[in-house]
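Trainee: Hi! Could you walk me through this one with me asking as we go?
Mentor: Happy to, let's open it up.

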Amino acid sequence: MKFLFSGLVVFWTTFAAWGQTLENASLKVVFRPENGAFDVQDKRTGRNWKALPDTLPVLAVSGVKAEENRLMFTFRYPQINADFHAVLTLEQNALGVRLDAAPESRVGTRLEYPYPFEAAKGERVLLPHGCGFAFPVEMADVGTDRLDLFGVYGRDMNMGVWGQYAETVSEDGEILPACGYMAILETPENAAIRFAVRKNGLRQINICWTQDKQTFGYARSIRYVFMEKCNPVSIAARYREIMRAKGYLVTFEEKKKRSPKLAGRLDTLIGAPNVWYWDADKEAALTRLKELGFDNVLMNCAGGAETFQNRRSSPEQVRNLARFPNVLVSCYDIYKDLIEPEKLSEVRYVSSDWIPEAWTNDDIVRRPDGTPARGWQVFPKDPEKPMIPCASLCEARACDYARKRIGKILETSPYSARFLDVTGCGLGECWNPKHPLNRRESLVARQKLFFMLGEAFHLVCGTEDGVECFVPCCDYFEGMFSAPNHYRVDGGRWQTKIYDEVPEKIRLGTSEQLRVPFWELVFHDCVVSYWYWCDYNNKFPAIWWKRDLFNAVCGTPPMYLFDKATFTQIQPQLAESVKIAAPVSRMTGMSPMTNYRWLTPDRKVQQSEFGNGVRVTVHFGDVPYRMTDGFVLEPRGVRVEKNGVSVSR
C-alpha cells in the first residue's frame, strides 16, 4: 500500500507538471517541461503562438512549480555548466520571462531561450535595423546573412524590441493591423537576435543572451506583449512610453530647457541638410548652397582618417563659416582609434585625432588575454605590406582626453557641433585591469562623453549610427537612416565615389515594401536621423529620388556628400532635392511622429502624421493616385498638409 501511495504521488506530480498552465481573461500559457517550451494562446484573437524549439538546444527542466500568476522552474542548458532559474509571469496581456543564475557562472556560449514563436504565412517581423524594417516571414533571402544572428545595441539592432504581426487590407486598399506581439528586451546590453529560416521554411526570431565578460553576470528579462491590433505604429506607441519611463526618451524641447545655451543651435539643427564637402574651398561651397535654397545647414569640416588628408579646416576658415546665418559648423573627431608610437613611421598618413600618449599611458582596450583590441585598419606606406590595425582607446578614459582637446580647439576655432565617429555604434568590453569595463559600464562611459559636449562646451552632439541609450545625450545620428547590413559598398572609405549601378543590397535597403520608420515613430522629436556618409542621398543617382521621398515622409533632413567636381555637376539636382525634404523636417522636427499608414496594398503610397498637425503623403509608384479628398498625387510626388490644408505640392 505504501508503494502504491508513493507511485500515485509521483504520477500526480508528473501529470501536474506536464499539464501546467497559466491563464487569465486574455491569455492562456501552456508550459512543456519536456523541453522548456511554452505556447501562448491569445483568447481575444484565437491566435495560438506556438513555441518552436526546432534545431535549438533543448533545456533539461526540473523543479516546475506554479504559484498564482507565476510558473518557476530550474533548467540546464547544453554546454553551460550552471543551473538557471526561470520565472514566467503572466500579466493582463503580457508574459514576462526572467532568467537568473549565479553571477559568476561561466558562459562560453549563447543562451537561446525562450524559443521563437512559430510564424504564419503572411506575417511580418519588425526589426529596429536602421530606422526600421518589416520583413515578410516567407522572405528567405533578405540580402544579407548577417541577420541570421546579429547583436543588440549596435549597428545591427539599435533598440531593445522587435515585433511580429499579421495584416489585413481594407476595401479601399489601406493596410490595416491584425493580431501580433512585441518582445521587449528589458536587459538588452548583453543580447543578440537570431532571425533565421527554420525547418518550416519561414523566418522566425528568438533571443540569444550573450556573456557578460564570460560570465552570466546578472538576471536577464524579456517581456512579450500580445495585441489584438498590432503593427509598427502600435508597437512604437507602447515602446515610446517604455523609453520615457527608462529615461531614454528626451525630446528636443526638454534638451533646450536642460541646456538653454544650446537651444539656438538645436533650433538650427532641425531641418538642416547634413553636408560633407570634400574639398578645401568650403566658404565658396556654402555660399553657393545658400543660393540653391539651403536655408540652414550642418556643415562638416572633415579630419581624421587617411582619406581626410589636407581637408581639415583652418581656424580662420572655421571662423568664416561660423559667420554664415543658420549654419552649424561641425568638427569631425574620433577617440577610438590610435596607432602605437613605434608604428607611426609605417603608416601612410598620421591622423591628428590619434592620441599617442594613450598607448604610453596604457589607456587602450585590452582583450581577455591582455593583448590590445584591434579596430580600424589604415594603409601602410609600403603598398606591398598588409594594412595596419589601430588599437582602441578605452571609453572609460576618453573624457579626459576629449576635454583637453576640445577646449584647446575651441580657443581658436568656434565650432558649434562635433561629430564623434564610431562611439555611437554600440557597446564594448575592456579587460585592461587599469580601467575594466563590461557592456553596462561601457554604456555609462559613452553617455558621459556625449553629455560632456553639450554640458561643458555647448556643442551640438552627433555620432555614427545611434542607439536608444544615447538619445538623451546626442542630438543627431549619422547612419541611423541607413540599414547597416544593406549599405556596405565602401564601408567608410572612398566616400566621394558615385555609382551608376545600384547593388541588390542597396535596392533592398531602400525598398518601400520593407522599410518602416519605426525609429522615427519612437524618437522623431528627440534626435535627428541622417543617412550614412557612404550611403547619402546622392550616392546612387538612380535612387536619389527615393531617398528624398523617405526623408520627406519621415520628416528628416537629407544628407549630401561631394567634392568640388561632383558639386559642379549636381547643383540643379541639389536645388530640387533640398526642397522636398528639408521644409518638412523643419516643420516637424520638434514634434512626435504619431501615425504611419500604407494606403495601397503594394505599399507604394505612404502617409505620416505628426503631433503638430502636419501630414505627409508620398508616392513611390508610377501610376497617379487619387486621395479621398480628390487630390491626385503624381508618381514620385509629395503632398504636405497642415491641419488638413495643403501647404506644398
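Trainee: Which residue stands opposite R203 in β15?
Mentor: That is V197. Keep in mind as we go that this is a predicted model.

Trainee: How many bridges join β14 to β15?
Mentor: Seven bridges join strand β14, residues 191-197, to β15, and the two run antiparallel. Strands of a sheet pair through backbone hydrogen bonds, either parallel or antiparallel.

Trainee: And what do β14 and β15 form?
Mentor: They form a hairpin, with five residues between the two strands. In the turn, G201 has a positive phi of about 85°.

Trainee: Is β15 buried or exposed?
Mentor: Seven of the seven residues of β15 (residues 203-209) are buried, so the strand is largely enclosed by the rest of the structure.

Trainee: Which residues point one way from β15, and which the other?
Mentor: R203, I205, I207 and W209 point one way, while Q204, N206 and C208 point the other way. All of them are buried. In a regular strand the side chains alternate between the two faces of the sheet.

Trainee: New topic: how confident is the prediction?
Mentor: The protein chain has a mean pLDDT of 92, and 95% of its residues reach 70 or more. Residues 1-18 have a pLDDT below 50, and beyond near neighbours in sequence that stretch has six contacts in the model. Residues 303-310 are also below 50, with 25 contacts beyond near neighbours in sequence. Where pLDDT is low, the predicted coordinates should not be read in detail.

Trainee: Got it. In what order do the four strands of the open sheet come?
Mentor: The order is β1-β2-β3-β4, with antiparallel pairing. β1 (21-23) and β4 (48-49) stand at the edges with a single partner strand each, so one side of each has no neighbour in the sheet.

Trainee: How many bridges join β1 to β2?
Mentor: Three bridges join β1 to β2, which covers residues 27-32. Here E23 stands opposite K28 in β2.

Trainee: What about the sheet with five strands?
Mentor: That open sheet has the order β29-β30-β31-β34-β35, and its pairing is antiparallel. The edge strands are β29 (593-598) and β35 (645-646); each has a single partner strand, so one side of each is left without a neighbour in the sheet. Inside the order, β30 (residues 605-610) and β31 (residues 614-619) pair over five bridges, and S608 stands opposite V616 in β31.

Trainee: Now helices! At what angle do α8 and α9 pack?
Mentor: Helix α8 (residues 395-410) and helix α9 (residues 439-457) pack at about 15°, with their axes 9 Å apart. That angle makes α8 roughly parallel to α9. The crossing is right-handed.

Trainee: Which residues meet there?
Mentor: Among them are A398, A402 and I406 in α8, which belong to the set meeting residues of α9 that include A445, L449 and M452.

Trainee: How far apart are the axes of α12 and α13?
Mentor: Their axes are 8 Å apart, and α12 (residues 544-554) packs on α13 (residues 564-588) at an angle of about 20°. That makes α12 roughly parallel to α13, and the crossing is right-handed.

Trainee: Last one: is S392 buried or exposed?
Mentor: S392 is buried, with a relative accessible area of 9%. This residue lies in strand β23, residues 391-392. Leaving aside neighbours within four places in sequence, S392 is in contact with residues including K336, L338, D363 and A373.

Notes. Residues numbered from 1 in each chain as written. Predicted model: local features only at pLDDT ≥ 70, side-chain atom pairs only at ≥ 80, totals over all residues. Heavy atoms only, no water. pLDDT = per-residue confidence, 0-100. Contact = heavy atoms within 4.5 Å. Pairing = 2+ DSSP bridges. Buried < 20%, exposed > 50% of the residue type's maximum accessible area, 1.4 Å probe, protein only. Axes fitted to C-alpha atoms, helices over the stretch in contact; angles between N-to-C directions. Parallel < 35°, antiparallel > 145°, perpendicular 65-115°, else oblique. Left-handed = near helix turned anticlockwise from the far one by under 90°.
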